[in-house]
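Visitor: I would like to learn how to read the packing inside a protein model, beginning with the terms and then turning to the case at hand.

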Amino acid sequence: MENQITISKANLKENWQELIRLENKFLMEIGEQALTEEKQARLYQAVRDGKITFFLANCGDRAAGMCSVVKHFSTFACTDTGVFEDFYVEPVFRKKGIARMLAQAAQSWSCEQGLASLTVCCAPCDEKMYRSLGFDAPLGKTYAKII
């Protein structure tokens with residue numbers, strides 16, 4: 001019998017090691033370096049301060065995937081909005097509906113928090129997936145200056 005998938009808001013005390021494990025797997029999969037100890041400390045502080053909220057998908061005792069919502073104040077909406085990030089499901093757990101469950105948990109939580117919107121920035125190859133997960137209001141193109 002397969003283990004049931006559950007989605008929960010991550011807790012630093014109970015889930016920190018699993019979050020770091022998944023975050024590093026996510027970074028490596030997209031060609032980035034694993035988090036240094038300094039970056040881990042900054043991430044821990046951001047989670048502790050409520051700047052970022054993680055959600056975990058668990059299969060039994062194992063974390064199978066994650067996503068996060070970063071809150072920020074928008075002068076356009078004159079209230080808090082959210083950015084959907086850190087979206088990762090381990091390869092062995094893909095195609096089981098976990099991505100949809102994580103996205104729905106983040107969207108529901110964002111509504112409960114009174115966020116005006118939840119946006120995601122993605123590569124063109126991921127646009128169809130994000131639209132299927134409910135991110136269907138195009139906002140133009142996103143550009144960044146790497147500092």
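Guide: Contact here means heavy atoms within 4.5 Å. Leaving aside its neighbours within four places in sequence, Ile 98 is in contact with Ile 5, Ala 57, Ala 64, Val 89 and Phe 93. This is a predicted model, in which local features need pLDDT of at least 70 and side-chain atom pairs count only at pLDDT 80 or more, while totals for chains, interfaces and linings use all residues. Residues are numbered from 1 along each chain as its sequence is written, and side-chain values use heavy atoms, with hydrogens and water left out.

Visitor: Which residues have the most contacts inside the largest nonpolar core?

Guide: In soluble globular proteins, nonpolar side chains tend to be buried together. A nonpolar core is a set of buried Ala, Val, Leu, Ile, Met, Phe, Trp, Tyr and Cys residues joined through side-chain atoms within 4.5 Å, where buried means under 20% relative accessible area, exposed over 50% and partly exposed in between (1.4 Å probe, protein chains only). The largest one has 22 residues, and Phe 55, Phe 84, Ile 98 and Leu 102 have the most contacts inside it. A second, separate core of 18 residues includes Phe 26, Leu 35, Ala 46 and Met 66.

Visitor: How many aromatic pairs does the structure hold?

Guide: Rings of Phe, Tyr and Trp (its six-membered ring) pair if their centres lie within 6.5 Å, and planes under 30 degrees apart count as stacked, over 60 as edge-to-face and the rest as tilted. The structure holds eight such pairs. The rings of Phe 26 and Tyr 88 have centres 6.2 Å apart and planes at 55°, so this pair is tilted. Both Phe 26 and Tyr 88 are buried.
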